[in-house]
Amino acid sequence: MSLKNIRLEVMQFLEKDVDTLIQKYLIPVEKIWQPTDFLPNSESDTFFEEVKEIRELSKELPYDFWVVLVGDMITEEALPTYESWLMDVEGVGQIERNSWSKWVRHWTAEENRHGDVLNKYLYLSGRVNMKEIEKTTQYLIADGFDIGTDRDPYKNFVYTSFQELATYVSHNRVAKMAKDKGNKQLAKMCKIISGDEMRHHHAYCEFVERIFKIDPSQMMMAFHYMMKQKIAMPAHFLRESGDKISTAFEEFSNTAQRIGVYTSLDYVDILDKLIKRWEIDKITGLNDEAEKARDYLMKLPGRMVRLAERMRIPENSFQFKWVNPAVVK
Ligand SMILES: [Fe+2]
Ligand SMILES: [Fe+2]
């Protein structure tokens, strides 16, 4: 049987449990938070005062902070790309609406609130150039992306396990920075988003865990493949208006490193957490090739830490069109 057919069989076999996993890891619409829970109520007479407070508190936060928050928001707003990508994975039945596609739809529905709340907040803050941000978002969705996972569920679930934890780290740090500057409302908002990301991370990790039990060698090879080529952030494909070839992602990434929201040491730490979570050292029943892949993976965090520690980040802020330096210092 071809590898592709085996993957399809594994996905079909696991599908019977996906409804239970949806209940375990996702929260029903009537119970989960909504963006308006963290934003001024536009039906209320106090709306303008609340907006004024947002604008005042926003003045306490520095240039690089806004750049990072904008980049995080744009990443969330490119959700149509991620949903269509996941819908196309082998075993996810869009037409017959199997439990895997139900997972993707329900996951998307939760994720959709993230970009929504951040977008409204940024708009009200008065600190950013919304039109430039909107253009970048439209470019990002229009350009699409290729994260090197093909339609392979194994590779895709490694990617999402990693990515959800990376977004957890990022939103959580932004929350902490906002809190330190006395901006409780923004802190709460980012904190609650990070909570969603953590649940999603656990879900995707469990998918991978279950695959490891059935098809250990191929799951190991997929993990190895993804880490060898490095996990590209969705925002990797960012560009600002007017750019054809862009350094926007590199500069965004430098900004996030400079203020400590997401660093190359975090990347290594996430890899390390995945290795521990999936108990890579204890997996049995591997073929020779997968044994080699395991060895590579076990040594990778140590190697990457040394590289990460040597990395130097430019000290000065890069001027994005998203945030006007005349408005935000
Ligand atoms: Fe998200
Ligand atoms: Fe997420």
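This is a predicted model: local features need pLDDT of at least 70, side-chain atom pairs count only at pLDDT 80 or more; totals for chains, interfaces and linings use all residues.
## The whole chain

The protein chain has 13 helices and zero strands. Read along the sequence, its pattern is α-α-α-α-α-α-α-α-α-α-α-α-α.

How does the chain fill space? Its C-alpha atoms occupy a box of roughly 65 × 50 × 35 Å along the principal axes. The radius of gyration is 21 Å. A compact globule of 329 residues would have a value near 20 Å, so the chain agrees with that expectation.

## Burial and contacts

Of the 329 residues, 40% count as buried. Take the contacts between residues at least 6 apart: 81% of them join residues at least 24 apart.

## Helix 7: length and end

Helix 7 covers residues 130-143, which makes 14 residues. From first C-alpha to last, helix 7 reaches 20 Å. That is close to the 20 Å expected at 1.5 Å a residue.

What follows helix 7? The next residue is G144, and its phi is positive, near 70°.

Which residues of helix 7 are buried? They are I133, T136, T137 and L140. These residues lie on the same side of helix 7, because they cover an arc of only 100° around the axis. Helix 4 (63-77) is included in what covers them.

The face turned away from this buried side carries the exposed residues K131 and A142. Helix 7 therefore has its buried residues on one side, with K131 and A142 exposed on the face turned away.

Note on methods. Residues are numbered from 1 along each chain as its sequence is written. Chains are lettered from A and ligands numbered from 1 in the order in which they are written. Helices (H or I, at least four residues) and strands (E, at least two) are DSSP runs, numbered from the N terminus. The expected span of a helix is 1.5 Å times one less than its number of residues. A residue is buried if 20 or more other C-beta atoms lie within 10 Å of its own, exposed if 12 or fewer, and partly exposed in between; C-beta atoms are placed from the backbone. The arc is that of the directions from the helix axis to the C-beta atoms. Two residues are in contact if their C-beta atoms, placed from the backbone, lie within 7 Å. The radius of gyration is taken over C-alpha atoms; the globule rule is 2.2 Å times the number of residues to the power 0.38.
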